[in-house]
Amino acid sequence: MTGRILIGGKEVEGSHFFQATDPATGTVIDSLFAEATPVHADAACALADEAFDIYALTPPERIAVFLEEIAGAIIAIGDVLIEKAMQETGLPRARLEGERGRTVGQLRLFAGLVRQGEWLDARIDPAMPERLPMPRGDLRSRRFAVGPVVVFGASNFPLAFSVAGGDTVAALAAGCPVVFKGHPAHPATGELVARAIRSAVAKCGLPEGVFSYLPGTSHELGAALVADSRVKAVGFTGSRSGGLALMRIAAARAEPIPVYAEMSAVNPVLLLPAMLASEAELLGKAFVGSLTMGAGQFCTNPGLLLAIDGPDVDRFIAAATDALAQSDAITMLTPSIHEAYCTGVEALASQSGVRLLARGRVGEGPNRGQAALFETSAADFMANPALGHEIFGSCSLLVRCADAEELRQVLAGLEGQLTATLHMTTEDEPLAGALMPLLVRKVGRILANGWPTGVEVCHAMVHGGPFPATTDGRSTSVGTMAIERFLRPVCFQDIADGLLPAAIRRDNPLGLPRRIDGIRQ
Ligand code: NAP
């Protein structure tokens, strides 16, 4: 680890430096990291653009091997990666070891996807020269990488959603070079992983511009990357203000580009009446487990509970209050995230019609997030849009609804969400069924009798949702479908075999599954 800026295979010294803070102790960590500037952004984008044509047409097998090499190189970093991440984020060892497993598993899952070839979406509509009244030409399409992609790392997943995280892997799998803006909260962790990716680039004989890593703390750096005309898409996980700022920059370019930003959600949890009647105590306890996991620093944290008012709601609250009273305050990721959490909780407490139900234990030491549970009525909730905004951390608001119709109205008034959870028995199914069309309109993932925290990396996962959960609800940032954000289709009409990409040649040299006249073969 040197603290340098990594532009392709080159290491560049900086002239200004920054340091990370250990959030558990509040002390500044010794190591210095260079501040990348727009000049470095320009150099990295130029290299990515230079690498694009070669990398985008690299055979799928070689890209798959590259992703597996990255996975191996991350494991080879060894325990120092976990130690640095623990120091920079305050997250516990077990969580970070699990996250490393998820990161490596994600790389291998995408390697399998790339090999299998369906992502190319090869389609062939053979020529129909005799067709009347007009003959049809020979039409063939496949999808291609969109171009160099800029990725911003998330603070709350220093491995799985940072340098070699979901957005990076999806872009690399699609054939897009990546310029990565390092998150300033975990620069040592970031650099170690960036070096692992660089070593895999070199080992696989790929152009150096396939990956660059720019550490920095200035908005100017991120803005310059998004504004660079050679960049064709952006992946981001973080605050709503950050995502929106980047979206505006992208939209104002001479050539606007998509920004896939995953920003904020309160993830409504619906406690349906029959389930609440039979399991109020169990639900109250399990809810607190989900709320306080990782100090609530998950985009899928259950920030909103909806229930039809009655004595079972009081039973749920009593159980949740008991569990909360025993929950320790946990170190949050950064001093500023902790400060934003405290400010958010204070602001919520002062809103009209909102009542504090319970707090977790007070923390010992800096940056400890003390959990909080509030309640309000449906009428007060619907009258004040601020009550539906995310407070990043272990904070949740229970909304008491008079009846099923009021519960439906509360849901209808919500902004787009990543998830919605139904706690239900078979007796609740008519109500759940009536709410389902509304849920489909509002969220990216609907789950029953579980908790939204814990997002499986797989083929069917959707970690997305209508605005403002994300800037583009047509996509996901977790799971293999994430590759689609970085692909675009190109059709070849009456082009000779020798000029066609292998995936759509007449003899199918790659042996890919293809759709011929609309039928998968
Ligand atoms: P953030 O402030 O949005 O920053 C994320 C990344 O985006 C950083 O690299 C940051 O770089 C960059 N960035 C932010 N605003 C920018 C702008 N206007 N122009 C250019 N670059 C910009 O997120 P964070 O630091 O991780 O946490 C802050 C808050 O974000 C949290 O309190 C929470 O509310 C939210 N958050 C949400 C999620 C989620 O999953 N939805 C996850 C993490 C955080 P620089 O700061 O170096 O410019």
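From which domains does the lining of the second largest pocket draw at least three residues each? In this predicted model, they are domain 1 (5–13 + 40–101 + 145–263 + 473–488) and domain 2 (268–448).

**Figure 1. Lining of the second largest pocket.** The volume of this pocket is about 360 Å³. Its lining consists of 26 residues, and those nearest the centre are Arg95, Arg102, Phe157, Phe298 and Gly454. Helix H4 (93–116) gives the largest share, four residues. Strand E16 (330–331), like H4, supplies at least two residues of the lining. By class, the lining holds eleven nonpolar, eleven polar and four charged residues.

**Figure 2. Shell of residues around the ligand.** The shell has 22 residues, with Ser155, His219, Ser239, Met263 and Cys299 coming nearest to the ligand. Nine residues of the shell are nonpolar, eleven are polar and two are charged. Strand E12 (233–237) and helix H8 (240–252) supply at least two residues each; H8 gives the most, with three. Domain 1 (5–13 + 40–101 + 145–263 + 473–488) and domain 2 (268–448) each contribute at least three residues to this shell.

**Figure 3. Distances between N and O atoms of the protein and atoms of the ligand.** In the side chain of His219, an N or O atom is 2.5 Å from an oxygen atom of the ligand. For Ser218, a backbone N or O atom lies 3.4 Å from a ligand oxygen atom. A nitrogen atom of the ligand is 2.3 Å from a backbone N or O atom of Met263. The ligand taken alone exposes 860 Å², of which the protein buries 86%.

**Figure 4. The largest cavity.** Four cavities of 30 Å³ or more are found in a search of the whole structure. The largest cavity holds about 140 Å³ of space. It is lined by 20 residues, and Val266, Gly303, Glu390, Ile391 and Cys395 lie nearest its centre. Strand E20 (residues 395–401) provides the largest share of this lining, three residues. The lining is made up of eleven nonpolar, eight polar and one charged residues.

**Figure 5. The second largest cavity.** This cavity has a volume of about 70 Å³. Tyr260, Thr470, Ser475, Ser477 and Arg485 are the closest to its centre among the 14 residues that line it. E12 and strand E13 (259–262) each supply at least two of the lining residues, and E13 accounts for the largest share, three residues. Three nonpolar, seven polar and four charged residues form the lining of the second largest cavity.

Note on methods
Residues are numbered from 1 along each chain as its sequence is written. This is a predicted model: local features need pLDDT of at least 70, side-chain atom pairs count only at pLDDT 80 or more; totals for chains, interfaces and linings use all residues. Side-chain values use heavy atoms; hydrogens and water are left out. A residue is near a molecule or strand if one of its heavy atoms lies within 4 Å of it. A polar contact is a pair of N or O atoms within 3.5 Å; within protein, one must be able to donate a hydrogen and the other to accept it, and residues adjacent in sequence count only if both atoms are side-chain atoms. Accessible areas come from the Shrake-Rupley method with a 1.4 Å probe; for residues, only the protein chains shown count as cover. Ala, Val, Leu, Ile, Met, Phe, Trp, Tyr, Cys and Pro count as nonpolar, Asp, Glu, Lys and Arg as charged, and the others, Gly among them, as polar. Domain bounds come from an automatic or database domain assignment. On a 1 Å grid over the protein atoms alone, a cavity is a set of points where a 1.4 Å probe fits but cannot get out, and a pocket is an open set with protein on both sides within 12 Å along at least five of seven lines; lining residues have an atom within 4 Å of a point. Grid points are joined across faces, edges and corners, and a volume is the space filled by probe spheres set on the points.
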